[in-house]
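Work through the exercises below with the model open beside you, and try each task before you read its solution.

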Amino acid sequence: MIRTKRQGLLIVVSGPSGSGKNTICDQVLSENKKLWESVSMTTRKRRRNEEEGKDYFFVSKEEFEAMIAEDGFLEYAVFAQHYYGTPKKKVQEKLDQGIDVLLIIEIQGALKIKELYDKAIFIFILPPSMETLKKRLLDRATESEEVILERFSNAYQEINEMPKYNYVIVNDRVAKAANKLQAIITSERCRVDRIEEVYLNNPEEKIHESLLSEKEFTNEQINLD
Ligand code: 5GP
């Protein structure tokens with residue numbers, strides 16, 4: 001058997017509120033057990049259907065700012081008057097273990113990640129139309145009208161930034177969009193330029209000089225598929 005070693009992929013998914021990015025990602029996560037989703041921290045109030053530690057870690061403004069002061073975030077941003085941030089430690093651990101990490105974050109945060117990780121993959125989710133987007137936001141009925149309007153006007157600015165991403169998926173049907181997202185992840189996993197080390201099972205057949213001892217690669221080896 002040929003094994004390889006590589007860092008986990010860092011997959012960043014953005015899209016306007018109501019684009020359906022969480023639904024698409026949930027679908028992919030339910031089928032792709034090799035993908036780990038980072039749980040963000042936010043100062044926004046918990047919605048009825050949300051769970052602490054699963055959807056977000058819900059914290060106060062003071063707690064969030066203390067975490068900023070400790071340099072605990074990979075990135076953070078203010079969106080619709082609340083803080084949102086990606087806790088740094090876990091993400092780095094997973095990437096180092098070769099596990100693929102999914103961040104579902106808004107655009108300011110995505111652009112910060114772009115500065116930090118040149119190999120991250122940026123995927124933008126578009127609604128089929130602005131009318132559909134507005135309808136989805138209104139139907140969701142989890143926010144006040146003022147917040148819905150703010151999110152809707154943010155959507156125009158966010159869509160303007162789409163050219164900074166690598167891929168775009170139009171969410172006209174969840175199953176179709178989820179298939180596309182999985183296809184992108186699959187092809188990124190196959191890229192030769194992400195492989196750091198390759199070796200054959202027989203130590204005599206080592207083909208990479210940095211693989212000096214068996215012990216070195218037993219902890220970190222990752223199957224190619
Ligand atoms: P919502 O309040 O609808 O859950 O999230 C509002 C926006 O914040 C969404 O675009 C969501 O993807 C984004 N978001 C969630 N977590 C994070 C995060 O950790 N960092 C950043 N920059 N944005 C986030």
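Accessible areas come from the Shrake-Rupley method with a 1.4 Å probe, and for residues only the protein chains shown count as cover. This is a predicted model, in which local features need pLDDT of at least 70 and side-chain atom pairs count only at pLDDT 80 or more, while totals for chains, interfaces and linings use all residues. Residues are numbered from 1 along each chain as its sequence is written, and side-chain values use heavy atoms, with hydrogens and water left out.

**Exercise 1.** Describe the surface and the interior of the protein.

Solution. Begin with the accessible surface of the protein, which comes to about 12700 Å², with 51% of it belonging to carbon and sulfur atoms. Next, turn to the residues: of the 225 in the protein, 44% are buried, where buried means under 20% relative accessible area, exposed over 50%, and partly exposed in between (1.4 Å probe, protein chains only).

**Exercise 2.** Find out how confident the predictor is, and where pLDDT stays under 50.

Solution. The term pLDDT stands for the predictor's confidence in each residue, from 0 to 100. Its average over the protein is 88, and 89% of the residues score at least 70. The stretch where pLDDT stays under 50 is residues 208-225, for which the model has 27 contacts beyond four places in sequence, a contact being heavy atoms within 4.5 Å.

**Exercise 3.** Explain why C25 counts as buried and why C190 counts as exposed, and then look for disulfides.

Solution. C25 counts as buried because its relative accessibility is 0%, whereas C190 counts as exposed because its value is 59%. A disulfide is a pair of cysteine sulfur atoms within 2.5 Å, and a search of the whole structure finds 0 of them.

**Exercise 4.** Locate R47 and list what it touches.

Solution. R47 sits in the loop between β4 (40-42) and β5 (56-58), where strands (E, at least two residues) are DSSP runs numbered from the N terminus. At 15% relative accessibility, R47 counts as buried. Leaving aside residues up to four places away in sequence, R47 touches R140, T142, E143 and R151.

**Exercise 5.** Which atoms of K21, R47 and I104 lie by an oxygen atom of the ligand?

Solution. A polar side-chain atom of K21 is 3.3 Å from a ligand oxygen atom, and one of R47 is 3.1 Å from a ligand oxygen atom. For I104, a backbone N or O atom lies 3.2 Å from an oxygen atom of the ligand. Taken alone, the ligand exposes 510 Å², and the protein buries 96% of that.

Note on methods
A polar contact is a pair of N or O atoms within 3.5 Å; within protein, one must be able to donate a hydrogen and the other to accept it, and residues adjacent in sequence count only if both atoms are side-chain atoms. Helices (H or I, at least four residues) and strands (E, at least two) are DSSP runs, numbered from the N terminus.
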